[in-house]
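Subject: The structure I promised you

Hi,

My notes on what turned up follow below.

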Amino acid sequence: MHPRIEDYALIGDEQTAALVGRDGSVDWLCLPRFDSPACFAKLLGDKENGHWRIAPKGAGHCTRRAYRPDTLVLDTEWETDEGAVRVTDLMPQRDRAPDLVRIVEGLHGEVTVRSTLRLRFDYGSIVPWMRRSDSRRVAIAGPDSVWLRTEPAVHTWGEDYGTHSEFTVKKGEKVAFVLTWHPSHHPRPPRIDPYKALHSSVKDWQKWSAACRYDGPHRDAVMRSLITLKALTYAPTGGIVAAPTTSLPEELGGVRNWDYRYCWLRDSTLTLGALLACGYHEEAEAWRDWLLRAVAGDPADLQIMYGLAGERRLPEFELPWLSGFADSTPVRIGNGAVTQLQLDVYGEVLDSLWLARKAGLSVKPHMWAIQASLMDWLHAEWRQPDEGLWEVRGGRRHFVHSKIMVWVAADRAVRTLEENPKLRGDLDGWRALRDEVHREVCEKGFDAERNTFTQSYGSRELDAALLLIPRVGFLPPDDPRVAGTIDAIRRELDHGGFLRRYSTDETTVDGLPGDEGTFLVCSFWLADALHMTGRTKEARELFERLVGLTNDVGLLSEEYDPVDDRQLGNFPQAFSHVGLVNTALALFGDDEAG
């Protein structure tokens with residue numbers, strides 16, 4: 001039986017990440033970066049596409065597993081007829097080279113443990129040459145080289161294009177495996193001490209977690225979400241990837257499979273707000289600085305997403321040798337939506353930079369110049385149709401959410417000038433733009449008969465992104481049109497008590513066949529909107545059900561299928577975890593109301 005998405009746990013070193021299954025198998029790992037080719041790709045294929053399993057010989061799924069409190073260090077335990085054993089998995093903060101550390105410890109009895117390592121570079125397509133070097137093994141193919149060692153040495157041999165080890169552990173005995181990657185033309189990197197790496201990783205993560213200012217209900221879920229966001233941060237640049245995976249399906253067996261190992265502008269304001277509210281100003285400032293570098297240049301060239309360091313070319317192609325997660329093809333690398341026009345990202349950028357200034361983050365000398373340049377372009381071009389927040393591939397429309405975010409851009413620019421009179425900008429022109437956009441959206445994007453805003457001008461379809469109307473300040477929460485929109489979305493986009501982002505029936509605008517699950521961040525937005533409109537009891541009930549969807553180690557994917565009760569889409573998903581944090585803050589934080 002193929003694993004479920006929620007069967008996986010995450011480990012990482014803030015430059016890349018691995019997924020570890022309940023059976024003790026690392027089935028996904030890209031080295032050396034999140035967006036590098038995978039050396040373990042069983043997640044999207046089979047065992048011949050690369051994996052590394054450590055477990056008691058003949059055992060299946062673990063008996064229990066958990067992260068050590070407030071860390072990204074994973075303990076997986078098996079109870080067997082012979083005894084019990086624990087495998088501790090971590091990726092310590094790297095000095096030069098990335099390391100994957102797996103420590104086996106006997107808990108009681110005497111247990112035979114088996115390690116099976118199948119390295120397959122370039123997304124599971126290349127079997128490397130493996131040889132011995134002193135007490136270690138080294139695998140090389142093209143630009144990639146991986147070293148494997150154990151402490152102490154254990155019986156290890158090669159068979160069926162894999163590297164196998166077998167040994168026994170009694171209570172208190174430990175065997176540490178260390179897998180280290182480096183460019184094949186570089187000398188081998190210095191060895192790390194796996195036990196010191198474990199100690200320092202636990203200490204560093206717990207110190208970081210202790211800085212969290214949130215102390216309300218479901219703190220464990222909030223903390224796990226924040227740790228996940230930290231783990232999805234590419235530390236050298238501050239960019240935050242949407243997810244560490246590609247092509248986990250939004251419908252099992254379907255074609256809605258996308259590469260999420262990049263940084264989206266749409267996530268910027270909500271992510272920045274969550275980090276700031278929880279006390280993580282250093283991470284918020286790094287994200288803001290990444291944003292400034294990424295968007296610098298001609299405002300007409302603003303993209304919806306960028307690479308980890310702000311790279312702009314993310315060409316999309318398919319990997320035909322991978323069968324896909326649960327036979328869901330194609331497996332895609334890169335993301336063709338990078339070339340789309342999405343007017344909402346201008347609002348996201350202006351809103352993020354306004355929030356950063358309000359929060360007291362250091363002001364960069366070129367920051368306002370970039371904002372003013374973006375506003376000047378938007379002032380001239382905002383009347384264009386676009387592909388919208390959800391990156392539809394069915395043609396451009398006048399999406400209401402996009403126009404609302406144009407209003408947000410103008411509003412934040414106006415407010416910045418009003419609060420900082422020394423800055424220069426077209427205050428009167430941007431005020432006029434703000435008024436014009438507001439008027440047009442209310443005239444063309446509102447269905448008076450149904451008392452709801454619609455997905456696009458003249459359409460009858462709805463869009464869960466419209467739940468953000470009161471949050472961004474386009475209308476006050478007590479406006480009847482806000483309540484009408486909330487009720488219409490709950491009525492028409494509900495699926496099993498959670499929300500789809502839009503309809504995917506025959507009238508769908510996304511240009512794709514098939515269906516998808518409920519979009520988790522949209523249900524968090526619904527809870528926020530219910531709370532803002534005075535329906536806090538309903539909001540809290542919804543939040544409780546959403547927290548209940550996290551897997552056994554507190555992780556969420558992008559979507560959820562309420563019929564089959566399983567997670568869907570790339571995993572873990574930053575946007576879902578940002579939604580969880582922000583909704584917890586709204587319901588139980590200092591700004592509690594209703």
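This is a predicted model: local features need pLDDT of at least 70, side-chain atom pairs count only at pLDDT 80 or more; totals for chains, interfaces and linings use all residues.

Let's start with tyrosine 161, which you'll find in the loop between β13 (155-159) and β14 (162-170). Its phi is near 55°, a positive value in a residue other than glycine.

Is glutamate 391 buried or exposed? It counts as buried, at 13% relative accessibility.

Next, the backbone has a couple of cis peptide bonds to look at. One joins leucine 31 and proline 32, with omega at about 10°, and proline 32 belongs to the loop between β3 (25-30) and β4 (38-40). Another runs from phenylalanine 571 to proline 572, where omega is near -20°. Look for proline 572 in the loop between β28 (566-568) and α14 (574-588). They're worth a look because most peptide bonds are trans.

Now the salt bridges: a search of the whole structure finds 52 of them. In one, the side chains of aspartate 411 and arginine 412 meet at 2.6 Å, N to O, and both of these residues are buried.

Aspartate 447 and arginine 460 make another, at 3.7 Å. What does this pair tie together? Aspartate 447 is in strand β22 (residues 446-447) and arginine 460 is in the loop between β23 (452-453) and α10 (469-472), so the bridge links parts that are 13 residues apart in sequence.

Arginine 500 and aspartate 515 also pair up, at 3.0 Å. Both lie in the loop between β25 (498-499) and β26 (518-519), so this bridge ties together parts 15 residues apart in sequence. Arginine 500 is buried, with a relative accessible area of 15%, while aspartate 515 is partly exposed at 26%. Elsewhere, salt bridges with shared partners join Arg64, Glu77, Glu79, Arg86 and Glu105 into one network.

Last, the inside. The largest nonpolar core has 190 residues, and Phe40, Trp52, Phe453, Phe474 and Trp525 touch the most other members. Helix α8 (residues 400-419) gives this core its largest share, 11 residues. Another core, of 8 residues, lies apart from it and includes Val73, Leu90, Val178 and Val202.

Note on methods:
Residues are numbered from 1 along each chain as its sequence is written. Side-chain values use heavy atoms; hydrogens and water are left out. A salt bridge is a side-chain nitrogen of Lys or Arg within 4 Å of a carboxyl oxygen of Asp or Glu. Buried means under 20% relative accessible area, exposed over 50%, partly exposed in between (1.4 Å probe, protein chains only). Helices (H or I, at least four residues) and strands (E, at least two) are DSSP runs, numbered from the N terminus. A nonpolar core is a set of buried Ala, Val, Leu, Ile, Met, Phe, Trp, Tyr and Cys residues joined through side-chain atoms within 4.5 Å.
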